[in-house]
Amino acid sequence: MPEIQAENALPRIVLTGRPNVGKSTLFNRLIRANRAITHDRPGVTRDRMEGTVLRSSLPAFAVVDTGGVTLGAHAAVTEGPEESRGFEEDILRQTETALAAAAGLALVVDGRDGLLPLDEHLAFYLRRTGLPALCVVNKVDGIEREDELTAEFYALGLPVVAVSAEHGHNMPLLADMLAALAPLADAPADSPAQKATTLRLAMLGRPNAGKSSLVNALSGEARMIVSTIAGTTRDSVDVRFARDGWDYVFVDTAGVRRRAKITDSVEKYSVSSALKSVGKADMTLLVLDAAEGVSQQDKRLMDLLNTRKIPFCVLINKCDLAPRTALKQLEKNIRAMLAFCAHVPVLPVSANTGHALDKILPLAEKIHRECQARVSTGQLNRAMAEALAKHQPPVVKRVRIKFYYLTQAETAPPTFVFFVNDAERVPENYVRYLEHTLRKIFGIAHAPMRLHLRSSHKKK
């Protein structure tokens with residue numbers, strides 16, 4: 001693939017602030033998509049998330065949503081709200097990493113709460129970065145209260161703009177002011193670089209299976225907060241990086257548990273976001289925990305991915321923690337469970353030791369290419385004739401099923417349509433035989449495949 005301009009090549013503006021000032025709502029409003037989970041509970045956002053601001057009148061630039069930072073005097077981390085408790089240091093490190101690559105920053109504050117010590121301490125800390133900065137006073141619902149709700153924030157020594165992320169007040173002005181912080185943003189929003197496609201890989205699996213650790217290991221950067229506490233990842237976070245001429249976007253999703261076990265409203269949003277991300281990705285990496293084995297929920301996820309014909313592979317993570325004989329038996333059990341979709345590859349890996357990590361991206365590229373396979377009608381019908389000659393169609397109710405011709409309807413995944421005299425009489429085992437033959441002839445080893453049978457009484 002040719003080199004392309006990725007989102008991480010755009011100038012970044014970091015949205016930062018204490019918990020629950022509305023950074024994620026602001027982020028969603030700026031990128032015009034519901035990417036970040038928003039909730040009135042403080043501390044929901046933990047990892048940083050990037051998106052692109054595209055306006056016809058402005059150069060493109062990226063915005064980075066970060067978790068709520070709680071700093072006391074002398075830039076010392078203080079205890080945050082209950083949802084982020086224990087993650088305060090991690091959230092600060094994520095914010096610092098984002099600021100290190102930023103062109104500018106926006107300190108988001110809450111106009112209804114007024115100026116709080118946490119805002120002042122954070123502003124003092126941010127001024128030391130030397131980055132162009134802006135104070136965004138959120139939750140100001142109209143022009144009539146702007147002066148009243150913004151007055152005290154001028155004490156922070158930053159340019160001030162009043163907005164309402166929830167209702168859209170002053171958002172065009174905010175976009176203009178943020179773009180002004182990014183002087184290097186000179187690529188037009190509709191340039192080919194912005195339209196370039198990337199290989200999107202969704203990480204799916206139960207909580208604490210090691211999805212975030214794998215993303216960090218593969219990207220070579222500590223982008224995701226990793227903890228032994230299950231459910232650390234909340235948003236479906238995009239992690240973009242380039243390697244060997246390919247541009248990748250890893251979508252690290254929240255852990256998916258059984259619906260009956262989910263009682264927390266934020267987790268419900270997280271799981272919903274995870275499943276939506278899978279539908280938008282080019283391929284899914286289903287991560288299992290070698291130490292935990294395969295659960296009923298893992299089986300449900302396999303069935304879901306197969307039913308929707310989503311390209312996926314199974315990664316058995318933490319393979320270094322399982323005895324060799326137990327790991328081999330686990331891999332054998334998983335392959336038996338995948339008998340209904342035997343094309344799906346199974347790969348034991350370890351984010352901790354790096355075992356087999358170098359195989360993941362080449363495998364993803366191969367499956368992606370297979371999904372785009374396009375076969376001419378002539379080749380297809382020669383393949384059909386070969387399949388029929390090796391194994392004749394069965395006789396059903398004293399009549400042998402007749403196959404007339406074969407065509408490809410679409411790609412991603414490859415979809416083939418057989419025209420036969422009576423589609424309802426073709427048994428499922430013969431359809432599986434045809435699929436196996438097509439895979440072998442055309443080298444489609446791991447991509448999902450759809451086969452449709454249509455009744456017709458005419459040869460083409």
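This is a predicted model: local features need pLDDT of at least 70, side-chain atom pairs count only at pLDDT 80 or more; totals for chains, interfaces and linings use all residues.

**Cores and rings**

Author: Start inside: the largest nonpolar core has 53 residues, and Phe 250, Phe 403 and Phe 418 touch the most other members. Helix H11 (residues 360-371) gives the most to this core, with six residues. Apart from it lies another core, of 28 residues, including Ile 91 and Val 160.

Reader: Why does Phe 403 count as buried?

Author: Buried means under 20% relative accessible area. Phe 403 comes in at 9%, so it counts as buried.

Reader: What makes Phe 403 and Tyr 430 an aromatic pair, and why is the pair called tilted?

Author: Two things go into it: a pair of aromatic rings is described by the distance of the centres and the angle of the planes. Rings pair if their centres lie within 6.5 Å, and for Phe 403 and Tyr 430 the value is 5.9 Å. The angle between their planes is 55 degrees. Stacked needs under 30 degrees and edge-to-face over 60, so this pair is tilted. Phe 403 sits in strand E15 and Tyr 430 in helix H13 (residues 428-442), so the pair ties together parts that are 27 residues apart in sequence. Tyr 430 is buried too, at 2% relative accessibility.

Reader: What makes the pair of Tyr 405 and Phe 419 stacked?

Author: Their planes are 15 degrees apart, which is under 30, so the pair counts as stacked. The centres are 4.4 Å apart. Tyr 405 belongs to strand E15 and Phe 419 to strand E16, 14 residues apart, so this pair links distant parts of the chain. With relative accessible areas of 15% for Tyr 405 and 14% for Phe 419, both fall under the 20% cut-off and are buried.

Reader: How many aromatic pairs does the structure hold?

Author: Seven. Ring pairs also link Phe 241, Trp 246, Tyr 248 and Phe 250 into a cluster.

Reader: Why is Asn 20 called partly exposed?

Author: Its relative accessibility is 31%. You'll find Asn 20 in the loop between strand E1 (12-16) and helix H1 (23-31). Its phi is near 65 degrees, a positive value in a residue other than glycine.

Reader: And what joins Ala 412 and Pro 413?

Author: A cis peptide bond, with omega about 0 degrees. Pro 413 is in the loop between strand E15 (403-410) and strand E16 (415-420).

How values were computed
Residues are numbered from 1 along each chain as its sequence is written. Side-chain values use heavy atoms; hydrogens and water are left out. Helices (H or I, at least four residues) and strands (E, at least two) are DSSP runs, numbered from the N terminus. Buried means under 20% relative accessible area, exposed over 50%, partly exposed in between (1.4 Å probe, protein chains only). A nonpolar core is a set of buried Ala, Val, Leu, Ile, Met, Phe, Trp, Tyr and Cys residues joined through side-chain atoms within 4.5 Å. Rings of Phe, Tyr and Trp (its six-membered ring) pair if their centres lie within 6.5 Å; planes under 30 degrees apart count as stacked, over 60 as edge-to-face and the rest as tilted.
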